[in-house]
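Subject: Structure handover

Hi,

Here is the structure I promised to pass on. Have it open while you read, and my notes follow below.

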Number of protein chains: 4
Amino acid sequence: MAPIEGIFTPTLVPLDERGEIQEAELRRFISWLIEKGVHGLYPNGSTGEFTRFTVEERRRIMKIVVDETRGRVPILAGAAEANVKETLAACDAYAEMGCRAVAIVSPIYYRLSPDSTYAYFAEIARRTPIDLTLYNIPLFATPIDVQTITRLALDFPRVIGIKDSSGDVAQMVRMIAAIRPRRPDFVFLTGWDCVLVPMLLAGANGGTNASSNAVPEVTRRLYELCRQGKWEEASVWQQRVLELFDAMLQVFEFPDGFRAGAETRGFNFGQPRIPQTGNQKEDRTRLANMVRCLIADFELIAKPGSCPVRSPMPVPKSDESNLDAKVLVDRIMVELGKRGVI
Amino acid sequence: MAPIEGIFTPTLVPLDERGEIQEAELRRFISWLIEKGVHGLYPNGSTGEFTRFTVEERRRIMKIVVDETRGRVPILAGAAEANVKETLAACDAYAEMGCRAVAIVSPIYYRLSPDSTYAYFAEIARRTPIDLTLYNIPLFATPIDVQTITRLALDFPRVIGIKDSSGDVAQMVRMIAAIRPRRPDFVFLTGWDCVLVPMLLAGANGGTNASSNAVPEVTRRLYELCRQGKWEEASVWQQRVLELFDAMLQVFEFPDGFRAGAETRGFNFGQPRIPQTGNQKEDRTRLANMVRCLIADFELIAKPGSCPVRSPMPVPKSDESNLDAKVLVDRIMVELGKRGVI
Amino acid sequence: MAPIEGIFTPTLVPLDERGEIQEAELRRFISWLIEKGVHGLYPNGSTGEFTRFTVEERRRIMKIVVDETRGRVPILAGAAEANVKETLAACDAYAEMGCRAVAIVSPIYYRLSPDSTYAYFAEIARRTPIDLTLYNIPLFATPIDVQTITRLALDFPRVIGIKDSSGDVAQMVRMIAAIRPRRPDFVFLTGWDCVLVPMLLAGANGGTNASSNAVPEVTRRLYELCRQGKWEEASVWQQRVLELFDAMLQVFEFPDGFRAGAETRGFNFGQPRIPQTGNQKEDRTRLANMVRCLIADFELIAKPGSCPVRSPMPVPKSDESNLDAKVLVDRIMVELGKRGVI
Amino acid sequence: MAPIEGIFTPTLVPLDERGEIQEAELRRFISWLIEKGVHGLYPNGSTGEFTRFTVEERRRIMKIVVDETRGRVPILAGAAEANVKETLAACDAYAEMGCRAVAIVSPIYYRLSPDSTYAYFAEIARRTPIDLTLYNIPLFATPIDVQTITRLALDFPRVIGIKDSSGDVAQMVRMIAAIRPRRPDFVFLTGWDCVLVPMLLAGANGGTNASSNAVPEVTRRLYELCRQGKWEEASVWQQRVLELFDAMLQVFEFPDGFRAGAETRGFNFGQPRIPQTGNQKEDRTRLANMVRCLIADFELIAKPGSCPVRSPMPVPKSDESNLDAKVLVDRIMVELGKRGVI
């Protein structure tokens, strides 16, 4: 089984002008992401607006992504449905399609107690035919606390990791300290792009980063620099990624800023599922231009005339030769874990 | 068109031991609620766990409730689906079934800006064939602010009211002050049972109160006392309702406490859709007994042996003779509204 | 001992142009408040900006207020200091001055556990020579939960009441339900003017209401209507008070809006202790005019030319003849309390 | 002027059994901290419980610390008082004593707007005779947003830095990105020990870390590893520091856990200023033992018999020989800043 590590793209879904899934554009987008170096794909996540599609649409999106990927990268399939039974049906379907694992968000809408959150994931973990990663996003769903994550990690081999979008670096350290010594294979992913470097330094295995929809070359570079131990250089890049992430996250209605980013790379995302007022449409043009300027700094696209003057930060060709250092670091970490040092 | 006022029950759904909808028990429950005096029904609300059923199940629940009700009380149909298109399909279906209006919760999971919240409801309001009430529940979904509610109320005749579950009495006063003078027919409902009396005093038209699943006689009495202007007596009852509401809301996983309450009246709700740990099942027995004691104080059920000694507060036979006072009060309120005093 | 009930004014402190206490204006303001009918005074509260004065200044303010009041109304003295020892010294001083009771805010800056909050008030309650009211203002200081308030009320005769500025009506009902049956003399005051009527209906004894700095006649009227059982009329007035309270609270830097309100009545508050930017000073002129318009609606001051057209709501001469109804209501409440009904 | 960098100890204050300042023990503690390698001292901070002392006591504490330090390390003096005038008086006093700079917390109790926060600090910055660092601790005081910090940094040379205790690494990156290119000498300190390493990687100059009261050798080592570019090794130590910090922060009433930590090193902190219940006193014995076990893992003190078995993590003798790497790193960072890359 391929390990889950590196940058997984929580993939946006191109729609047409009536808001329907645009299969050809989705295929083109998926292949482009893979060619640009993302380590995996994560369809039907929050960035993929899973709650705004029907059950049938979610299955169809996954089918297209799997088919287009042709095994080139592992797929982490967002599988949360209305209840345990429906979620298990999705797990079955995605297992059969050949996905690497499913990601299941903590119960949404209602806020559950830690005990019920445990019971919910436990019930799924007992019966799923495919590996399962927990998905903690306290902004939108029931928070999963460190103790509950630890219980699930230790009780169920099928629970193989957690995707955490809390953005709290200390929380990542706490999770890793609690689980890794007792379960070294457990995977930690961060969904908070603006602290990807500190999260990787803290020991995370990678991230599911919305920014990689727009600048997959940059997020890959950030990851590689960390794996090569070039932390200070990575930290300089982190600042630029944060700036772009903030711009795409904060002034748009999520995830529309990430669509605006990916549009600069030549994709067409069509009519979003959430209606917009006339004012919002006007604003978007202006905001999208700001995003374009920030991406142009990476010399991935041409710079519009109206951008503020800044030093560029071109993304070099990806250099895989040094990646062996990663293997070394991983071994050290595992070794330290075994000895109970971390 | 019947006005929407009084106590609407956000109806629980009896399940069987495998978690499937138990039609016969649901029918028996619906008829019992109507006989006990609720003014309306509100299926597929938060208490009805709409997010934990499939699209098809939500339609089926509504069909059963409508069929069993046979026009005896108006039905407010929870109609939120994955996106605008699906929600409009539900509006069509519930209009055809003969529901009085739909209730649509503010966008869930993601937290939207006021502009997008407006755009979302506006798009539905333009195209729905059935009256629409907004549903504000900041605990679980995007909050709708007073300005956005006001814009929607003034821009769309189809938007006929709001159900507010914020529990903030000042917020209710603000909404009524902003809207009623300019749109006197707009309906204000509260979903926060522990402040039903202050909300009615502030001018609310009624409530969608989960407690009415367990003690419909009591919530009706509370409403009648207020309509008769017996505010001080109502306030004494409010204290008891708060106590029961708190017990059913706070120590159980929502909405399981309300199921425990309704079970004391002879209904069987079966296996909940959210799994429970062994500890939780044990706790529930103890907690359910506490709820039973509180309901027994109203002399609606027999008192278990283990209850703390307290003075009872028997619910008298409902006295409709004084209800004419309500008409008077309403006229005064409308008159004051016309003159711009309120 | 005079009971603590009715509207207590959390008194603003007039300063001169250098930000120093302006004794003559403070005296004039205090006497005006008393003449306009406030039931008591509450110097060194949050509205009185107690944290922005020195220890010596706080003593001086109290001395002036006590001296000017000459026993005409009871004084509730804000007595919180840096620690228990200093707070007890303030209690001694205010007892000697003849204050009716002290109000002590829950520990500020740090957020303490319920146990430490209990221990803090317990230590003071054991040693204070003067009655003590707790002061709960979760916006600014450690919240005090219902259980801790109940423990303190039952353990210490010196703890005679609570001032609650949470604005949560349900919380008020919970406190009264927990304490009044076991300690009928315990006093409940609300500091959230926009829900004064619901709080009084819930059983509160009165309020410490910042609005009474600007419109003492109006807050008194609100109180009297409630005491006369004219709840629906009170509710109409409540809407106007809410509107004014919101205006004074939300757009100014607290408590500057209340100063702007009191300035319309002919008082001069001078240079505030918190510096303002040039923009803020310009804004204030515009905002103060809006407050002036709202107060003019009560026909207490002349209407500026630029106000929006609205129906006035003149404050009638205070009618004390009906106040006997209050006695009746109080007796009923006490009786109900004795029988354990409430 | 000495630059402000490295680990500053927000010093605890030893009290005697009556809660009075214990001068001899405070002197002994200060000299011990300096000998163990802290880079500076920060008296009258949150850990030093500045709000629980009187004005006179705060001055006395500072005098003792300055006198005992004898210029061995720079002193950052907590100088917040009741208002601008009093705060400026403290600035004068601490300037005269020879402190390196003052730290002034954002306005407490009330929550101010960004404009008023700016005006407050601006007024002080214009008139202070001593350098000033802003202190952002959103948990306890008005939050200071990035824009306001930037305005203050660019408008006032006297504002030389910020101490941020938000714990949000992304926030640190945002502040540094906004300010350092335009004001390279501006100092960034973090008060959130559990993410010290990520904060330093992000470019922070050091920290004011409560943990250094208990384990100054460990926090110094963490800092040195980072300055030597040994990020992965630092990250392993960070995990242990987080564990100890969490233990001292979360289960005690702040800052009592840090007192418990420092007590293991042979100091006596006496009677705290916040009273404790009997239960709390019993708990403390058990909790203090847990802290003792965690500190014993660093082999700084003997291990009690009752600790869980764990691998130790002994602190090596401080190795200053590699510190030159720091100079190099700093130069690179400054250079990158000049070129506008970061």
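Chain B and chain D do not touch, meaning they share no contact (heavy atoms within 4.5 Å). Their nearest C-alpha atoms are 21 Å apart. For chain A and chain C there is no contact either, and the closest C-alpha atoms of that pair lie 21 Å apart.

Before the rest, some housekeeping: this is a predicted model, in which local features need pLDDT of at least 70 and side-chain atom pairs count only at pLDDT 80 or more, while totals for chains, interfaces and linings use all residues. Residues are numbered from 1 along each chain as its sequence is written, chains are lettered from A and ligands numbered from 1 in the order in which they are written, and side-chain values use heavy atoms, with hydrogens and water left out.

**Chain B against chain A**

These two do meet: 40 residues from chain B and 40 residues from chain A take part in the contact. Together they bury about 3,300 Å², with 58% of it on carbon and sulfur atoms. (Buried area is the accessible area, with a 1.4 Å probe, that two parts lose on being put together, summed over both.) Of the area that chain B buries against chain A, 25% comes from Tyr109(B), Tyr110(B) and Pro275(B), more than from any other three residues.

Two salt bridges turn up across this interface, the rule being a side-chain nitrogen of Lys or Arg within 4 Å of a carboxyl oxygen of Asp or Glu. In one salt bridge, Lys85(A) meets Glu20(B) at 3.2 Å, N to O. There are also 14 residue pairs in polar contact between chain B and chain A, both residues at pLDDT 80 or more. (A polar contact is a pair of N or O atoms within 3.5 Å; within protein, one must be able to donate a hydrogen and the other to accept it, and residues adjacent in sequence count only if both atoms are side-chain atoms.)

On the side of chain B that touches chain A, helix H3 (84-97) and helix H4 (114-127) of chain B each supply at least two residues. Helices here are DSSP runs of H or I with at least four residues, and strands are runs of E with at least two, numbered from the N terminus. H4(B) gives the most to that side, with six residues.

**Chain C against chain B**

Here 30 residues of chain C are in contact with 30 residues of chain B. The pair buries about 2,500 Å², 64% of it on carbon and sulfur atoms. Leu201(C), Glu232(C) and Gln239(C) supply 25% of what chain C buries against chain B, more than any other three residues.

This interface has two salt bridges as well. Asp246(B) and Arg174(C) meet in a salt bridge at 2.5 Å, N to O. H6 (169-179), H7 (196-201), H9 (231-250) and H12 (324-338) of chain C each bring at least two residues to the side that touches chain B, and H9(C) gives the most, with nine residues.

**A sheet in chain D**

Chain D has an open sheet of eight strands in the order E2-E1-E8-E7-E6-E5-E4-E3, with parallel pairing; strands pair if DSSP finds at least two bridges between them. At the edges are E2 (40-41) and E3 (76-78), each pairing on one side only. E1(D) (residues 6-9) runs parallel to E2(D), joined by two bridges, and Thr9(D) stands opposite Leu41(D) in E2(D).

Cheers
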